[in-house]
Each structure stands twice: as C-alpha cells, then as structure tokens.
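Dear colleague,

Please find below the structure that I am handing over to you.

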Amino acid sequence: MRASFRLGRIAGVPVGVNWSVLVIFLLIAWGLSASQFPRAYPDRPVIAYWLAGLAAAVVFFLGLLAHEVSHSVVAKRNGIEVEGITLWLFGGVSELKGEARDPGAELRIAGVGPLVSLLIGLFFGAIAVLLTLAGVHGLLLGALAWLAGINILLAIFNVLPAAPLDGGRLLRAAVWKATGDRTRASVVAARAGWVLGAVLIGLGLWQFLVGAGVGGLWLALIGWFLIGAAGMEERQARMGSALRGIRVADVMTPQPQTAAGTMTVADFVDHYLFAYRHSALPLTEEGRPVGLVTLDRVRHIPADRRASTTLAEVACRADELVLARPDEELTDLLPRLSECADGRALVVTDQGLVGIVSPSDISRAVQRGSLREQPTGAQSRGK
Ligand SMILES: [Zn+2]
C-alpha cells in the first residue's frame with residue numbers, strides 16, 4: 001500500500017496515509033454525525049453532532065495508529081526492520097522488512113496489535129461507565145461508548161484466525177510451533193484467509209439482499225480483499241520456500257560485460273545488444289558500478305538521437321541501483337528489486353562488480369527450487 005501523504009515518524013517508523021483513508025474517515029464521521037448520534041440523542045444542534053462525530057473518527061484513527069505502531073515497535077525489538085506504517089481503506093498496514101525468526105517472535109509481533117486495540121476499547125469503556133455512574137449523559141458518553149465498542153470489535157475481528165489478519169499470523173505461529181514447518185504454517189493461514197473471505201462475501205451479500213444496506217456490501221468488499229491478500233501470501237510462502245537457502249552467487253551471471261558511461265546509445269545498440277545475449281549493461285568506473293542501462297531505457301531514444309546520447313544519460317543512476325552481496329540470501333534481495341533497473345540487481349564485493357541478477361535468473365531459481373524435494377518437519381526450520 002503506497003502512502004499518498006507522509007505524516008512523520010513515530011518511534012522511528014515513517015507513518016503515512018493513503019488517500020483511500022479519507023473515504024472510510026468520512027463514512028465513519030458521516031454515519032455517526034448524520035445518523036447514529038441524532039437518533040440516540042435527539043434535539044441537539046447539528047454542529048454538536050458533527051463535532052462529536054469528527055472527534056470520534058479522529059480518535060478512532062489514532063487508535064488504529066497505536067495498533068500499528070505497537071506491531072512495529074515489537075517487530076523492531078525482535079530484530080525486524082520496519083519500512084513504514086500506512087493507514088488506508090481497510091485500516092492500517094505495517095510493512096516489515098523480513099520475517100519473524102521463530103514462532104515466538106511471530107506471536108509477539110502479531111499479538112500485540114489486537115491487545116492494544118482491546119486495551120484502548122476497555123479504557124474508553126471504563127470512562128463511559130464512570131461518566132454514567134456520575135450521572136453524565138449525552139453526546140460525549142455516546143462518542144466514548146462508540147469508541148469502546150469499535151476498538152473491542154477491531155480487536156476481535158483482527159484475531160480471527162485467517163491471513164492476512166493478525167489472527168492469521170497467530171495461527172501461523174501456532175502451526176509453525178507445532179509442525180516446525182514455516183511454509184506449511186503460512187499455507188494453512190492463507191487458506192483460512194480464503195475461507196474467511198468467502199464467508200464474509202456470502203454474509204455481506206446476504207445482508208445486502210435482505211435489506212441491511214451498504215454495511216453488507218462493505219463486509220463483502222472486505223471479504224474480497226481478504227481473498228486476494230490470502231492468495232498473495234500463499235504464493236509468497238511457496239516462493240520463499242522454493243528459494244530458501246539459495247544465495248545471490250548461486251543464481252547470478254558472473255563477470256558481466258560492462259561499459260563506460262561515455263559510450264553512445266548508438267554504439268550500445270549496434271555493437272553490444274547483438275553481440276551478447278544480455279539486454280542489460282552495467283556502467284562502471286574503475287570496476288565500481290555507477291549505472292545500469294537496460295533495453296527498456298534505450299528504447300525511448302529516437303534513432304536520430306542515438307549517436308549523440310551517451311549511456312550515462314539514459315542509465316539508472318548510481319543511487320537508484322539495487323546492489324547485493326554474493327553471500328546474501330536471494331529471499332532478502334527480492335523485496336529490494338526496483339522498477340528503475342527492470343528488476344535487476346548488481347552483485348558487488350569490496351573488489352567491485354562481480355555479477356548481475358536478472359528476473360530470468362530469479363524465475364529459473366524459483367523453478368529449480370520448487371523441484372527440490374520439500375523438506376519436512378523440523379529440518380525445514382533452517383537457521
Ligand atoms: Zn494488526
């Protein structure tokens with residue numbers, strides 16, 4: 001999920017929002033201000049409903065943020081870097097750069113989020129009870145009671161044992177702990193996600209048909225999202241399993257042909273592309289990579305300008321290059337591959353450029369890996 005706006009950093013983690021969060025924010029604020037609050041507390045000024053509705057929606061999103069921040073903080077404590085937190089249509093996502101090393105870490109990282117939501121819900125619930133005992137009634141109480149309910153509901157929904165929900169990660173941790181097989185655990189959690197998605201779609205459509213309104217469609221939409229995300233998790237788990245233990249040096253093309261940035265595009269097209277089978281050419285200075293030219297990047301240069309354009313002008317610049325070490329695990333490299341280099345990475349050591357990894361190298365490795373005999377039981381736990 002791409003953030004449309006950056007809000008800043010919390011606990012060292014970049015926090016952003018996707019524009020789609022506005023949709024759900026307005027739906028919540030509107031639902032409370034125009035319908036729920038006026039029904040429960042009639043005859044107040046319209047502005048009071050809107051103030052209470054907007055305030056409740058803002059606090060709800062702060063709660064979502066606290067939920068995600070707790071995932072990130074615990075992930076960092078367990079040695080996993082966090083790319084960032086993004087709030088969007090279906091709540092929040094924490095993007096972790098890597099996977100939990102053991103079931104215990106998985107359990108802690110996944111479990112803390114729903115726990116935080118539950119505590120927030122109980123906190124607002126307790127205040128609401130105290131206010132009621134003190135004889136306070138009205139909009140403030142309504143907003144607090146709604147916040148208590150929605151946060152507890154959020155905690156319960158999130159522990160449903162189905163990927164990609166937190167409960168899916170808890171299920172994965174449990175199956176992983178029981179069988180010692182991380183891939184199998186991921187597949188079980190992903191399948192459960194598929195089932196939950198299908199149930200939500202069925203339930204949502206049924207609610208819509210019997211006249212419960214837009215709420216049913218919303219449920220179906222969440223179900224549809226769950227099915228897509230669960231399918232992706234299963235594919236990723238299988239790919240990660242196929243590639244486990246394979247290092248960059250095992251798949252790279254060693255000692256690729258290189259050129260200087262001063263070479264013209266015309267020379268590249270006439271002499272290089274046809275002479276070698278690779279369609280990417282690293283640019284080097286004294287053995288160090290300073291750029292990468294790919295077929296896609298020269299395609300846009302009109303034929304009459306090829307003789308006057310240098311490769312340095314069309315190449316991916318040094319700061320856009322994806323660099324890897326030969327002894328690095330391929331699964332650690334995959335998330336870093338970028339569009340600029342057409343999914344390619346340059347392999348470097350202290351001595352300079354030693355290889356290049358292309359998307360076809362990676363897909364060959366996946367195919368080979370999936371043919372390997374699948375390890376079973378505790379052996380697959382790895383390092
Ligand atoms: Zn969560």
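The zinc ion is coordinated by His67 (NE2), His71 (NE2) and two OD atoms of Asp166, at 2.0 to 2.6 Å; donors are N, O and S atoms within 2.8 Å of the metal (3.2 Å for Na, K and Ca), and water is not among the atoms, so sites may look incomplete. Along the chain, these donors follow the spacing H-x3-H-x94-D. His67 and His71 are 4 residues apart in helix 2 (residues 46–77), and are therefore separated by about one helical turn. Helices here are DSSP runs of H or I, at least four residues long, numbered from the N terminus.

This is a predicted model, in which local features need pLDDT of at least 70, side-chain atom pairs count only at pLDDT 80 or more, and totals for chains, interfaces and linings use all residues. Residues are numbered from 1 along each chain as its sequence is written, and side-chain values use heavy atoms, leaving out hydrogens and water.

With a relative accessible area of 6%, Glu68 is buried. UniProt, in an unreviewed entry, places the feature "active site" at Glu68; positions from that record are given in the numbering used here, feature names are shortened, and annotations may be inferred rather than shown by experiment. Glu68 touches Ile85, Gly92, Val93 and Ser94, not counting residues up to four places away in sequence, where contact means heavy atoms within 4.5 Å.

Yours sincerely

Note on methods: Helices (H or I, at least four residues) and strands (E, at least two) are DSSP runs, numbered from the N terminus. Buried means under 20% relative accessible area, exposed over 50%, partly exposed in between (1.4 Å probe, protein chains only).
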